[in-house]
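Q: Let us go through this model and ask what stands behind each label.

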Amino acid sequence: MTVIQLPDEQVEALTAKAAAQGLTLEDWLGKLAETEAPLSPQETASRILQLQKRVKPDPEGWTVHDYIHHDRP
């Protein structure tokens, strides 16, 4: 277990955010840590594939490379 020292004002503010979600400060911070944890390569690939399913082809036929280099010298 790691102990983090914060000023009382910050603890009060974070406790209020946790309470607004019906959580204790410890539970809220645990939930936050889970959502901010880095993804495995497999999870990352899965999310990218999900996003790609929603992407529609460019009406002009441009690629990402075309947009990046558009109007560049």
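A: Start with a pocket lining: Met1, Thr2, Ile4, Gln5, Leu6, Val11, Leu25, Glu26 and Leu29 line the largest pocket. This is a predicted model, where local features need pLDDT of at least 70, side-chain atom pairs count only at pLDDT 80 or more, and totals for chains, interfaces and linings use all residues. Residues are numbered from 1 along each chain as its sequence is written, and side-chain values use heavy atoms, with hydrogens and water left out.

Q: What makes a set of points a pocket, and what makes a residue part of the lining?
A: On a 1 Å grid over the protein atoms alone, a pocket is an open set with protein on both sides within 12 Å along at least five of seven lines. A cavity is a set of points where a 1.4 Å probe fits but cannot get out. Lining residues have an atom within 4 Å of a point. The largest pocket holds about 320 Å³ of space; that volume is the space filled by probe spheres set on the points, with grid points joined across faces, edges and corners.

Q: Which helix gives the most to the lining of the largest pocket?
A: Helix α2 (residues 25-36) does, with 3 residues. By class, the lining has 6 nonpolar, 2 polar and 1 charged residues. Ala, Val, Leu, Ile, Met, Phe, Trp, Tyr, Cys and Pro count as nonpolar, Asp, Glu, Lys and Arg as charged, and the others, Gly among them, as polar.

Q: How many helices and strands are there in the chain?
A: There are 4 helices and 0 strands. Both are DSSP runs, numbered from the N terminus: helices are H or I with at least four residues, strands E with at least two. Along the sequence the pattern reads α-α-α-α.

Q: Why is the pair of tryptophan 62 and tyrosine 67 called tilted?
A: The structure holds 1 aromatic pair. The ring centres of tryptophan 62 and tyrosine 67 are 4.8 Å apart and their planes stand at 50°, so the pair is tilted. Rings of Phe, Tyr and Trp (its six-membered ring) pair if their centres lie within 6.5 Å; planes under 30 degrees apart count as stacked, over 60 as edge-to-face and the rest as tilted.

Q: Why does aspartate 66 count as partly exposed?
A: Its relative accessibility is 34%, so aspartate 66 is partly exposed. Buried means under 20% relative accessible area, exposed over 50%, partly exposed in between (1.4 Å probe, protein chains only). Tryptophan 62, at 32%, counts as partly exposed, and so does tyrosine 67, at 45%. Aspartate 66 lies in helix α4 (residues 64-69).

Q: What makes histidine 65 exposed?
A: Histidine 65 has a relative accessible area of 53%, so it is exposed. Histidine 65 is found in helix α4.
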